[in-house]
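Please work through the following exercises with the sequence and the coordinates at hand. Each task is followed by a solution in steps.

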Amino acid sequence: MGENKLIKAYDDLMGHLYEALDDTLHSVADALEIAKEKTSALGGHTQEEINKIADYVMRDVEHIATASSQQDENNSLSEWLKFDIDLIENFALDAFMDIADKTKVKLAALEMEAKLYHPYKSGEVAGPGTFVCDACGKQIAFKSTSVIPACPECKGDSFSRV
């Protein structure tokens, strides 16, 4: 799957998840399944690819949901992304924040698990933000949904979101 195809699949799945969560009758798990089905119906992706992208989306949603509950609401997204919100391009920010907000309540029971280290690997798709190489400490930042590259400094492949 090409990088642009991965990025489009991430954004499509995020949009479908937003729509599914807009109906409060769905749990996050049910909404994710609906989003995966709608993304699959668009064609061009294997079920394995859609499951991988769904994992990336939920990793990012869980991270922002737990991070923003621990910070001042006005600054939480800027802090999580580590750069001004105004710099974000081509990203459904409203949808992302709405999903994260709805997910906060539903993830309360899983908060301890969500706080565990969730490594980001090169080749994976992630929403906008700043990442630090686990090997050398080099920071890389994305203004939009992107495929994580190998570290430009040491070619490391494991990152943490800062």
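The model is predicted: local features need pLDDT of at least 70, side-chain atom pairs count only at pLDDT 80 or more, and totals for chains, interfaces and linings use all residues. Residues are numbered from 1 along each chain as its sequence is written, and side-chain values use heavy atoms, with hydrogens and water left out.

**Exercise 1.** Determine how many disulfides the model contains, and examine C151 and C154.

*Solution.* Step 1: a disulfide is a pair of cysteine sulfur atoms within 2.5 Å. By this criterion, the count is zero disulfides. Step 2: the cysteine sulfur closest to that of C151 belongs to C136 and lies 3.6 Å away, so the two are too far apart for a bond. C154 is likewise in no disulfide, the nearest cysteine sulfur being that of C133 at 3.6 Å. Step 3: accessibility is classed as buried (under 20% relative accessible area), exposed (over 50%) or partly exposed (in between), with a 1.4 Å probe and protein chains only. C151 has a relative accessible area of 1% and is buried, whereas C154, with 36%, is partly exposed.

**Exercise 2.** Describe the backbone and the setting of K155.

*Solution.* Step 1: most residues other than glycine have a negative phi. Step 2: K155 is not a glycine, yet its phi is positive, about 70 degrees. Step 3: K155 lies in the loop between β5 (146-147) and β6 (158-161); helices (H or I, at least four residues) and strands (E, at least two) are DSSP runs numbered from the N terminus. K155 is exposed, at 63% relative accessibility.

**Exercise 3.** Characterise the crossing of α1 and α2.

*Solution.* Step 1: axes are lines fitted to C-alpha atoms, for helices over the stretch in contact, and angles run from 0 to 180 degrees between N-to-C directions. The axes of α1 (residues 3-22) and α2 (residues 28-41) come within 8 Å and cross at roughly 130 degrees. Step 2: angles under 35 degrees count as roughly parallel, over 145 as roughly antiparallel, 65 to 115 as roughly perpendicular and the rest as oblique; α1 is therefore oblique to α2.

**Exercise 4.** Locate I7 and list its contacts beyond four places in sequence.

*Solution.* Step 1: I7 is in helix α1. Step 2: with contact meaning heavy atoms within 4.5 Å, and neighbours within four places in sequence left aside, I7 touches V125, T145, S146 and V147. Step 3: the C-alpha atoms of I7 and G127 are separated by 9.1 Å, although these residues are 120 residues apart along the chain.
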